[in-house]
Amino acid sequence: MGKVAELGCVICQRPAEVHHIRRGQGTTRASNYDVIPLCPSHHRNGGPGVAIHAGINTWERVFGYELDFLKWTKERMGANRD
């Protein structure tokens, strides 16, 4: 997860922490392999329309789909190689 955070926020490229994706997880938390890098503002501190934890539907309308950012992250980490 530290290597994922080192990528920088997928939205603004500022220093990041990891966000466990929510889509497709039901009530369980995503594995530590299903994380994307988000800065504190885009993760939890930015409020509605900025922070994913302030409302994922609004966040995705503004920035794009969480699962697309997961695919991007895995590609950068070399996890989606054939």
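Let me start with Asp34, which is buried at a relative accessible area of 17%. Buried here means under 20% relative accessible area, exposed means over 50%, and partly exposed lies in between, with a 1.4 Å probe and protein chains only.

A word on the source. This is a predicted model, in which local features need pLDDT of at least 70 and side-chain atom pairs count only at pLDDT 80 or more, while totals for chains, interfaces and linings use all residues. Residues are numbered from 1 along each chain as its sequence is written, and side-chain values use heavy atoms, with hydrogens and water left out.

Back to Asp34. Its side chain meets that of Lys74 in a salt bridge, at 2.8 Å from N to O. Asp34 sits in the loop between S1 and strand S2 (35-38), and Lys74 in helix H4 (residues 66-77), so the pair links distant parts of the chain, 40 residues apart. Helices (H or I, at least four residues) and strands (E, at least two) are DSSP runs, numbered from the N terminus. Lys74 counts as partly exposed, at 22% relative accessibility.

How many salt bridges are there? The count comes to three, where a salt bridge is a side-chain nitrogen of Lys or Arg within 4 Å of a carboxyl oxygen of Asp or Glu.

Another one joins the side chains of Glu17 and Arg44, at 2.8 Å from N to O. This pair also links distant parts of the chain: Glu17 is in strand S1 and Arg44 in helix H2 (residues 40-45), 27 residues apart. Arg44 is partly exposed, with a relative accessible area of 45%.

Then there is the salt bridge between Arg76 and Glu75, at 3.7 Å from N to O. Arg76 is partly exposed at 44%, and Glu75 is partly exposed at 39%.

Now the cysteines. A search of the whole structure finds zero disulfides, a disulfide being a pair of cysteine sulfur atoms within 2.5 Å. Cys9 is buried, with a relative accessible area of 2%, and Cys39 counts as buried at 2% relative accessibility.

Last, Gln13. This residue is found in the loop between helix H1 (2-6) and strand S1 (17-20). Gln13 counts as exposed, at 56% relative accessibility.
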